[in-house]
Amino acid sequence: MSYKGILTDKVCLVTGASRGIGRAIAECFAQEGGYVLAGARKEGSLKEWAKEVSQKAPGTVVPLYFDLSDTKSIRDAIVRIKKGPGRLDVLVNNAGMVSNEVLGMISMSRMREMFEVNVFGLTELSQLAATRFMVRQKAGSIVNLASVVGVEGSKGQVAYSASKGAVISITKSMSKELAPHNVRVNAVAPGMIATDRLQATIKEVYKNHIPEIGMKRLGEVKEVADACLYFASDRSSYTTGQILVVGGGNSTLSREFWDICFR
């Protein structure tokens with residue numbers, strides 16, 4: 001996407017920006033002129049990357065380190081935003097955990113850990129972003145990263161699907177509460193996306209299963225970032241409570257395909 005400056009002067013927080021889709025979203029937003037707070041847990045992990053992107057892009061990337069499973073850490077991050085840019089126009093809840101087990105092998109402790117980040121952390125951060133910034137500004141956009149499995153379900157992903165199904169319900173309910181304040185809440189639900197993690201896991205094997213995807217290819221992280229850009233920008237000013245699947249038509253992938261991806 002060529003530069004159009006559609007996020008110029010907007011302060012954007014993108015969680016889970018250390019790799020994959022989150023990093024692509026942060027870079028996309030900076031390329032469109034945004035002031036991007038890139039969220040990650042590990043202190044110092046984004047320093048060099050943020051500096052490099054900021055030198056090349058019209059916008060700016062600034063690391064913001066905090067832990068989504070820790071209430072105090074989340075609240076401290078909000079305080080730093082207040083003391084720094086002093087406003088928040090866009091929140092992208094991208095950070096998340098993935099745990100894949102068949103029903104009989106689900107670990108309840110692992111499921112709770114996943115919900116701490118995917119559901120509880122997302123809800124708490126959204127709550128603070130909305131009440132401390134967006135409602136007072138009478139403007140803002142929250143973009144949640146769900147998943148196609150949260151829409152359609154998936155064998156061997158009961159716990160993960162449940163967490164992303166919760167994200168979808170949260171998105172729809174939150175959008176109804178915040179619409180009177182001119183705050184939009186939408187979700188992007190990726191399908192099989194060619195992140196470094198996925199490609200490193202399945203290597204060449206996935207090529208045998210490409211025909212199971214409607215568009216006969218894996219999605220690119222940039223394609224998810226572009227969907228998030230639409231919701232983040234004023235081009236979606238009358239759109240809220242929507243779930244946009246970025247999946248290439250991959251609604252019936254086989255159990256074998258998921259086994260290869262997540263074993």
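Start by selecting K82 and F133: the charged end of K82 sits over the F133 ring, 5.1 Å from its centre (over a ring means NZ of Lys or CZ of Arg within 6 Å of the ring centre and within 35 degrees of the ring normal). You're in a predicted model, where local features need pLDDT of at least 70, side-chain atom pairs count only at pLDDT 80 or more, and totals for chains, interfaces and linings use all residues. Residues are numbered from 1 along each chain as its sequence is written, and side-chain values use heavy atoms, with hydrogens and water left out.

Next, pick R23 and W49: R23 lies over the face of W49, at 4.4 Å from the ring centre.

Now the aromatics. The whole structure holds two aromatic pairs (Phe, Tyr or Trp rings, the six-membered one for Trp, with centres within 6.5 Å; planes under 30 degrees apart are stacked, over 60 edge-to-face, the rest tilted). Select F115 and F120: their ring centres are 6.4 Å apart and the planes at 55 degrees, so this pair is tilted. Then go to Y230 and F231, with centres 5.3 Å apart and planes at 50 degrees, so that pair is tilted.

Finally, show the cartoon. Seven strands make an open sheet, ordered β3-β2-β1-β4-β5-β6-β7, with parallel pairing (strands are DSSP E runs of at least two residues, numbered from the N terminus; two strands pair if DSSP finds at least two bridges between them). Its edge strands are β3 (60-65) and β7 (243-246), each pairing on one side only. Zoom in on β6 (residues 183-190), joined to β7 by four bridges; A189 has V245 in β7 as its bridge partner.
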